[in-house]
Amino acid sequence: MQPEAQLRELFNPETIAVIGASRSPHKLGHLILSNLISAGYKGTIFPVNPAGGEILGLTAYPSAADLPRPPDLGIIVLPREQVLQAMRELADAQVDAICVITAGFRETGRDGFELEMKMADLARRRNITLLGPNTLGLFNTSISLNASIAQTMPAKGSISFFSQSGALCSAILDWAEGESIGFSKFISLGNKAGVSEADVLEALGDDPDTKVIIGYLESVDDGRKFLTRALTVTEKKPVIMIKAGTTPAGARATSSHTGSLAGSVEAGLAAFKQAGIIRVDSLETLFDLARAFSEQPLPQGPNLAVVTNSGGPGILAADACEGAGLNLARPSLATLERLTKVLPPFASIYNPIDIIGDAKAERYRATLEAVAEDDSTHAILVLLTPTASAEITETAQTIIDISKTCDKPIFASFMGDQRVGPGRDMLLAAGIPCYAYPEPAVTAISAMLAHYRWKNRPYPVEVCFRRDKGRAERTIQAALQAGVTELPFNDAMDIAAAYELPVPETRLVRTSDQAVRAAKKMGYPVALKIESPHLASRGEVDGVALDLHTPQDVREAWLDITTRAQRRRPDIYIAGCLVQTMGPIKTREVVVRFTQDPQYGPLISFCLAGPSAEVLNDIGYRLAPLALHDVQDIIREIKSFPLLRGVRGSEPVNLAAIEDILLSMSQMATDFPEIREAELNPILVDSEGAFVADLRVTVGPI
């Protein structure tokens, strides 16, 4: 079923059947019915109760089979054991969509999970849109629909919200009422046995009443589907989300709460980034951004003009700009001349523009008019502190007047509480975001600029590298048939060669004499590495010797490495040693790795080699397939990137060589989901190119 059809059936029903409608005010079946009526819903409502009669002035029917016509939406509020039968009866009555309020399914254990699977199967077979179970319900303010068990009907607005947590929905509705924030659509997903976050996201993307989409996610059931649909939606309108469960403790709580696996945190965050979803860490920021996006145009550049009646807040705003990727706009000569004429001689006409504490509304007006007409300004932030001379409501009206003729986003920060309250209320009512401090305003402007750049980004450049796919496939299938999980080094090298990765010449040898002969054939210097299928890392036994220049060096290294390995790990099988040609000496070492995430598919990571990357979490992540801009971004976003770019006179490394390896690994990961994990560690890179010094490949059935 198409997402737009799901939206129509869930949010725009002409007839609603409430299965489990009750005469008792203390029961949810009564609350649902009462909410539908009190919200002003104009459609037809059919209460269903075995006793029949009348409930809240409406004729009640003993069962769904007795309804006078097929309902568009059926809402089930019954004990868990009765839900499946109620769904069957609604299906026989030719219902289009069902919302199951009842809880106690997959989140409670195996019995609940199996019952939920039967419900989902029934909905699929009968082509019914299923919302829930374990859902608060839904709202559509454009038709005054409150099909929920929430106590509050939100005001009408252009923001649409969806969430997995029904209790969080209730809290947000109560908070939004106090903040005068309106909604277009509001949906509690519950356990997502039918309608998923991806379905709702795409449907809201096509909804003309929705300008901004916001949401709270704990888990994503089909990561690839979600990523694909989000990519399409963010081209049309901003999507702002909180992703919960981003810590081990949060992941465990997510599984307990919804019965869903939280999946890889890194994969989920990479999906948000690649899909253009704006991720926030708090509900306060979520709604700060939602209000800004719904009420102001997008800034078309990074230059922010700050107008303030106090130097301190201006400095705070300047500091916030530095961390948010914004610039303080440099006023043009014409603007400086205008400001010189209208401001006192001791005012600061450079950005931040400090118009001094005795500034009244007219001084704000003259300054804002000059700034708004300056082509170098892309957004305006107006700061006001309640000085003795401040005209708070008059200044608010001035900002409102300027905004009506200005095509640039205007934000305000009226700092204080009691005195500035009336002015702040005026601005919010007029659609101008007003904050208690400058920093949230700068955060909102930065997020809007990021979305503007996302919508106007160059078309992604897809790169497909040459590879011998058949050669790699033969190696992988042979390993799978033999029951091998971690490929022997020679087989891993064979796959790397099939993808034209820059790997060294390598020989597996079983004696020191063989090692000497291999080294002579390759040419000195060489490296010697212990080889064992039972070692996750050669570092466990200090099993690597580098820069060996003579046969004697090789023999001594052989004895040293093998003896140490046998002493430290007597339980492992040692297959011998690898003799490799030496890579360049003065290099940086980086690591490229991919794993197959169960929700999102291949997850590629990049970092500098060594434990510091993991200790400091200085790792970049992206989901395959990667476009050219993805590999450029993943390299440049790690904090240690300056070491690759070159610092203190050191030469920069060949970034293009790293990009090629990342793209090849992306191709490999996409071609073969049977490769569960592959790691190139380390990759030696200098100004000339890159050299894969070691690699591991793990395979498994799909």
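**Buried residues, nonpolar cores and cysteines in a predicted model**

Thr562 lies in helix α20 (residues 551-568); helices here are DSSP runs of H or I with at least four residues, numbered from the N terminus. The structure is a predicted model, in which local features need pLDDT of at least 70 and side-chain atom pairs count only at pLDDT 80 or more, while totals for chains, interfaces and linings use all residues. Residues are numbered from 1 along each chain as its sequence is written, and side-chain values use heavy atoms, with hydrogens and water left out. The mean pLDDT (the predictor's confidence in each residue, from 0 to 100) of the chain is 92, and 96% of its residues reach 70 or more. Over residues 252-263, pLDDT stays under 50. Where pLDDT is low, the predicted coordinates should not be read in detail.

With a relative accessible area of 12%, Thr562 is buried, a term for values under 20% with a 1.4 Å probe and protein chains only. Beyond four places in sequence, Thr562 contacts (heavy atoms within 4.5 Å) Ile530, Ile574 and Cys577.

The largest nonpolar core comprises 53 residues, and Leu10 and Phe226 are among those with the most contacts inside it. Such a core is a set of buried Ala, Val, Leu, Ile, Met, Phe, Trp, Tyr and Cys residues joined through side-chain atoms within 4.5 Å. Helix α9 (residues 265-275) gives the most to this core, with five residues. Apart from it lies another core of 48 residues, including Leu487 and Phe641.

The structure holds zero disulfides, a disulfide being a pair of cysteine sulfur atoms within 2.5 Å. Cys321 is buried, at 2% relative accessible area, and its sulfur is 17 Å from the closest cysteine sulfur, in Cys406, too far for a bond.

Notes
Buried < 20%, exposed > 50% of the residue type's maximum accessible area, 1.4 Å probe, protein only. Helix = DSSP H or I, 4+ residues; strand = E, 2+ residues; numbered from the N terminus.
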